[in-house]
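Me: I would like to go through this model term by term, asking each time what the wording rests on. Please set each value against its definition before you conclude.

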Amino acid sequence: MLGTEDRFVDALRRRAAGGDPSIRLGIGDDGAVVSGPRGDWVFSVDACVEGIHFDPAIMPLESMGSRALGAALSDLAAMGATPRYYLVSVEIPSAGAENRLRRVYKGFSALEHQWKLHLIGGNVSRGDRLSLHTTVIGELGKDRPLTRSGARPGDGLYVTGTLGESAWGLRLLKDRGRRLNPSERQSVQKFLRPSPRIDEARFLLRHRLASAGMDISDGLLLDLSRLCRASGVGAALREGRIPRPQGATEREMLTGGEDYELLVAVRRKAVVRLSKAASRVFHATFKSIGVIEAAPGVRLHYPDGRIVNASRYGSLGWDHWKS
């Protein structure tokens with residue numbers, strides 16, 4: 001069943017269908033792809049709003065900047081694009097605005113340096129609460145974008161990193177009296193400063209290893225359901241294979257969201273190539289978690305033999321109109 005957000009996006013897609021032939025891919029994926037004289041470019045925008053996406057009582061303003069830009073760049077990673085430019089529109093209460101903005105923009109610095117990213121514009125406006133709307137522009141060149149619509153039955157399902165770690169990190173942040181061990185501090189940092197998987201996505205694109213993909217921003221079950229719907233397929237997940245940190249719950253792993261890891265489908269004939277190349281280049285970053293099936297829907301296969309339809313979990317992830 002589609003959530004409110006997905007129904008609204010579908011309506012926008014129908015409204016915007018057709019038109020300019022330079023638009024290679026419009027509404028409905030992680031980014032829009034537009035052709036230029038020397039190749040293709042990917043455009044995406046993301047929002048980070050006080051009280052919805054972050055709590056200033058537990059998150060430094062520098063981390064808000066890091067999260068806002070990192071989340072936006074993850075959409076470029078999902079398409080296989082190399083980040084080049086970004087713009088930021090800011091709404092902020094007038095009290096202490098200049099100092100608060102300096103701290104937010106300081107949070108952009110690490111990702112700017114890492115990706116040689118250029119801030120090229122934006123807007124500042126007074127508002128009732130702090131919010132950032134970050135537009136990112138990435139270069140594809142002559143490469144074909146990684147989209148959600150190419151998965152086929154028999155493809156293997158892979159993820160990068162661990163899932164549920166950001167949700168666990170947020171839970172740890174809220175427990176202020178707790179002394180954190182190194183593993184817990186790492187999970188908190190993943191929540192505060194997400195690191196988009198740009199190199200991994202470019203690797204997949206360059207070697208033509210993935211048939212479909214996206215980033216996991218709203219939860220594994222919800223985002224996998226979107227990939228399956230776009231491809232006209234279903235999926236079987238092996239619950240025991242899904243990587244998660246020791247402290248994260250199963251629900252955080254499946255529906256927590258904001259991990260900004262990659263979820264990709266890989267053709268059967270490319271699975272061995274991915275395993276060998278990824279272990280050599282990325283130290284086994286890619287983990288096998290299931291397979292694409294012809295039957296619609298997402299099913300979880302447990303080590304004890306149980307098979308559970310994902311719809312039994314109720315909310316599959318983050319719905320911006322309900323959460």
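Me: Where is the place of S74?

Reply: S74 belongs to helix 2, helices being DSSP runs of H or I with at least four residues and strands runs of E with at least two, numbered from the N terminus. The model is a predicted one, in which local features need pLDDT of at least 70 and side-chain atom pairs count only at pLDDT 80 or more, while totals for chains, interfaces and linings use all residues. Residues are numbered from 1 along each chain as its sequence is written, and side-chain values use heavy atoms, with hydrogens and water left out.

Me: Why is S74 called buried?

Reply: Buried means under 20% relative accessible area, exposed over 50%, and partly exposed in between, with a 1.4 Å probe and protein chains only. The relative accessible area of S74 is 1%, so S74 is buried.

Me: Which residues does S74 touch?

Reply: Leaving aside residues up to four places away in sequence, S74 touches P196, D215 and Y260, where contact means heavy atoms within 4.5 Å.

Me: What is the strand order of the open sheet of seven strands, and which strands are its edge strands?

Reply: The order is 8-10-7-11-9-12-13, with mixed pairing. Strand 8 (210-216) and strand 13 (307-309) are the edge strands, since each pairs on one side only. Neighbouring strands of this sheet are turned by 25° against each other on average, direction ignored, the axes being lines fitted to C-alpha atoms, for helices over the stretch in contact, and the angles running from 0 to 180 degrees between N-to-C directions.

Me: What makes strand 8 and strand 10 a pair?

Reply: Two strands pair if DSSP finds at least two bridges between them. Strand 8 and strand 10 (residues 261-266) are joined over six bridges in the antiparallel sense, and within strand 10 the bridge partner of A210 is V266. Strands of a sheet pair through backbone hydrogen bonds, either parallel or antiparallel.

Me: Which helices pack on this sheet?

Reply: Helix 2 (residues 61-79) does, touching strand 8 and strand 10, with a direction that makes about 170° with that of strand 8. Helix 8 (residues 220-231) packs on the sheet as well, and the strands it touches include strand 7 (156-160), strand 9 (234-238) and strand 11 (286-293), while its direction makes about 145° with that of strand 8.

Me: How many bridges join strand 7 to strand 11, and how many join strand 9 to strand 11?

Reply: Strand 7 and strand 11 run antiparallel and are joined by five bridges, with G290 of strand 11 as the partner of L157. Strand 9 and strand 11 are also antiparallel, with four bridges, and here V291 of strand 11 is the partner of A236.

Me: Why is one side of strand 1 and of strand 5 left without a neighbour in the sheet?

Reply: The sheet concerned is an open one of six strands in the order 1-2-3-6-4-5, with mixed pairing. Strand 1 (23-25) and strand 5 (118-126) stand at its edges with a single partner strand each, so one side of each has no neighbour in the sheet. The twist averages 25° from one strand to the next. Elsewhere in this sheet, strand 3 (residues 39-49) and strand 6 (residues 131-141) pair in the antiparallel sense over 10 bridges, and V42 has G138 of strand 6 as its bridge partner.

Me: How do you know whether K116 and E258 are buried or exposed?

Reply: K116 has a relative accessible area of 65% and is therefore exposed, whereas E258, at 19%, counts as buried. K116 is in the loop between helix 4 (109-115) and strand 5, and E258 is in the loop between helix 9 (250-255) and strand 10. Phi is positive in both, near 50° for K116 and near 60° for E258. Most residues other than glycine have a negative phi.

Me: How many disulfides does a search of the whole structure find?

Reply: The search finds zero, a disulfide being a pair of cysteine sulfur atoms within 2.5 Å. C48 counts as buried at 5% relative accessibility, and C228 is buried at 3%.

Me: What makes the radius of gyration of the protein chain agree with a compact globule?

Reply: The radius is taken over C-alpha atoms, and the globule rule is 2.2 Å times the number of residues to the power 0.38. For 323 residues a compact globule would have a value near 20 Å, and the protein chain has 19 Å, so the two agree. Of these 323 residues, 52% count as buried.
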